[in-house]
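Please have the structure open beside you.

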Number of protein chains: 2
Amino acid sequence: MKVDGVPYRTIWLAPDGTTVQVIDQTLLPHAFVVRDWRRMEDAERGIRTMIVRGAPLIGAAAAYGMALAMAADPSDAMLTHAYTVLMASRPTAVNLRWALDDLHALLAPLAPPERRDAAYRRAAEICDEDAEICRRIGENGLGLIRQIKPRSGERVNALTHCNAGWLATVDWGTALAPIYQAHDAGIPIHVWVDETRPRNQGASLTAWELAKHGVPHTVIADNAGGHLMQRDQVDFCITGTDRTTRCGDVCNKIGTYLKALAAHDNGVPFYVGLPYPTIDWTLERGADIPIEERSAAEVSRIAGRTAAGAVATVELLPAGSPAANPAFDVTPARLVTALVTERGVCAASEAGLLSLYPDRARAA
Amino acid sequence: MKVDGVPYRTIWLAPDGTTVQVIDQTLLPHAFVVRDWRRMEDAERGIRTMIVRGAPLIGAAAAYGMALAMAADPSDAMLTHAYTVLMASRPTAVNLRWALDDLHALLAPLAPPERRDAAYRRAAEICDEDAEICRRIGENGLGLIRQIKPRSGERVNALTHCNAGWLATVDWGTALAPIYQAHDAGIPIHVWVDETRPRNQGASLTAWELAKHGVPHTVIADNAGGHLMQRDQVDFCITGTDRTTRCGDVCNKIGTYLKALAAHDNGVPFYVGLPYPTIDWTLERGADIPIEERSAAEVSRIAGRTAAGAVATVELLPAGSPAANPAFDVTPARLVTALVTERGVCAASEAGLLSLYPDRARAA
């Protein structure tokens with residue numbers, strides 16, 4: 001999508017053919033900075049510190065991390081080392097495992113001198129595939145939006161949590177792809193954007209990318225969505241997911257579950273946009289997903305712009321008050337109206353997912 | 001309760017017998033500052049800008065506002081003017097109306113020269129009554145806590161939203177009074193404190209007062225509570241309320257409804273602590289309560305301590321992204337396990353409330 005009129009993706013290969021470049025999402029919305037990754041360790045740190053984030057983008061970043069490792073040293077030892085190091089950078093993200101397994105399976109049988117180019121080629125393919133997948137999620141979600149009769153009688157009001165826009169992917173986004181397509185198709189759509197504490201990806205990233213594209217939106221505290229649903233101000237919710245089980249339980253940014261409860265209580269459809277690598281066919285119950293506990297400092301401190309335009313971090317808590325920071329929660333399939341994938345729309349259930357991915361059926 | 005070993009209330013009469021003093025809660029937890037109110041307009045501004053907040057404290061502050069007005073001018077015209085001005089300072093708070101009606105009914109029949117002293121006397125009585133009411137809410141809630149078998153097998157884990165502690169009242173608090181009494185009785189209790197965006201009363205006030213009293217607690221993002229309930233980390237929730245209808249619908253800080261939904265979904269008891277003036281016997285349906293829309297700047301900006309120890313406000317949103325800020329929501333009675341008042345514990349229903357307040361029954 002565009003930034004100040006210039007088309008961008010979130011990750012791309014620099015003209016030197018080796019350096020990987022990414023938008024530093026930790027600095028948005030206050031500064032737009034492109035980072036160079038020259039070594040595998042840059043990619044590992046970039047994923048771990050959330051310079052890049054969002055399940056699909058993490059997969060693409062991990063693929064380029066493998067390519068950077070092969071550029072430095074195409075040995076078997078490095079292949080194993082890079083796989084292990086990158087896998088540990090964000091334990092909850094299933095796309096990370098998917099991309100690393102894909103690259104490892106491709107590279108391991110090759111002679112070391114062939115690995116570098118093969119890795120870069122495959123990383124570029126993963127990026128192109130992701131953009132196309134997201135475009136299709138957008139098309140399929142647009143079909144759902146066209147069926148909505150706005151409760152307000154005027155604009156269609158969406159609510160989204162966290163950032164599952166183009167910044168979370170290579171391009172288009174997952175949850176936001178249908179919204180971009182609806183907006184571009186002339187449907188009057190407005191988005192309630194959960195700020196998404198503690199890291200404020202909604203206020204920082206979703207608001208920024210919607211503003212850049214011209215989509216009407218309003219930022220709200222995470223606490224407000226239930227009230228807006230009670231008072232008929234939300235026509236549908238749509239979020240992304242970091243991992244969805246084969247039975248349709250949705251692991252996503254902490255707080256997603258609370259919005260799904262409110263949607264269910266008020267008869268508001270709750271959709272989840274997801275590309276196929278996000279489906280974890282090995283897991284049935286979301287309750288079994290290990291939840292990443294992140295630094296308490298993400299809760300106790302926050303960064304913003306000062307009146308002078310600088311970015312400053314301030315401390316919010318009294319001295320001596322600890323904080324806890326579980327980063328994800330699991331929304332049970334019973335609260336999800338439908339899953340929107342690149343192949344179509346289905347129920348959040350094993351039967352629903354298998355209707356779109358019949359090759360994943362287990363032997364009887 | 002105590003601040004650094006010194007007993008305080010949140011509002012009191014200065015030794016000069018006219019000036020009212022309050023703790024400036026907008027500066028907590030970063031600075032502890034006492035403000036002098038010398039004119040009725042100081043009280044109005046203090047309520048409106050949330051230097052004092054919390055339903056019971058707003059009532060006490062409004063009563064002292066009337067006393068300050070009578071000290072300046074005990075005329076009928078001023079009585080009407082002060083009543084009108086103070087009533088408009090926080091439209092959602094039923095205690096405001098209760099205290100102003102009480103003072104007006106007391107003062108109107110008196111000769112103007114008698115009004116000043118009568119108003120100060122009644123304001124002091126309201127403060128003493130509030131402290132006693134909160135102490136009894138604490139006793140009644142303690143009975144509920146004693147019955148809890150902790151899911152963790154060890155400490156009792158409470159979750160609270162916003163600040164309904166002693167800072168929200170004259171002393172003791174409503175939701176936190178049972179917690180203080182349990183802690184003082186030797187029950188191992190720990191409190192998950194919702195930070196309560198956008199004004200962060202949990203992170204700023206609840207954490208501060210629990211820390212000062214030595215109650216173990218952990219601050220969490222508002223998004224985290226549902227996940228903690230799903231994973232058996234919460235034994236009960238307890239909040240305050242700004243207004244509860246005769247049928248038991250609970251109007252409280254925005255986001256309360258989401259926690260009540262999660263508690264209901266996970267079989268976690270959801271209690272509400274409230275003093276009798278918070279019950280609005282004239283209203284049945286919470287959906288009819290007008291919800292205060294506060295400044296968008298409360299969402300888009302946040303204040304905290306810099307590394308240098310100064311308090312700074314930073315901007316969180318991209319330029320050009322608007323914000324909305326509904327300040328309260330309504331939790332339907334069906335999601336509330338019990339109401340805890342100064343008279344005892346009852347179901348969140350008209351029958352439940354009438355069992356404690358039989359004088360409020362309507363003529364058949």
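Predicted model: local features only at pLDDT ≥ 70, side-chain atom pairs only at ≥ 80, totals over all residues.

Residues are numbered from 1 along each chain as its sequence is written, chains are lettered from A and ligands numbered from 1 in the order written, and side-chain values use heavy atoms, leaving out hydrogens and water.

Let's begin with the interface. Chain B brings 62 residues to the contact and chain A brings 63, where contact means heavy atoms within 4.5 Å. Together the two chains bury about 4600 Å², 57% of it on carbon and sulfur atoms; buried area is the accessible area (1.4 Å probe) that two parts lose on being put together, summed over both. On the chain B side, N223(B), L258(B) and R305(B) lose the most area to chain A, together 15% of what that side buries.

Four salt bridges cross this interface, each a side-chain nitrogen of Lys or Arg within 4 Å of a carboxyl oxygen of Asp or Glu. D265(A) and R334(B) meet in a salt bridge at 3.0 Å, N to O.

Now turn to chain A, where β3-β4-β5, in that order, form an open antiparallel sheet. Strands are DSSP runs (E, at least two residues) and helices likewise (H or I, at least four), numbered from the N terminus; two strands pair if DSSP finds at least two bridges between them. Four bridges join β4(A) to β5(A), and I23(A) stands opposite V34(A) in β5(A).
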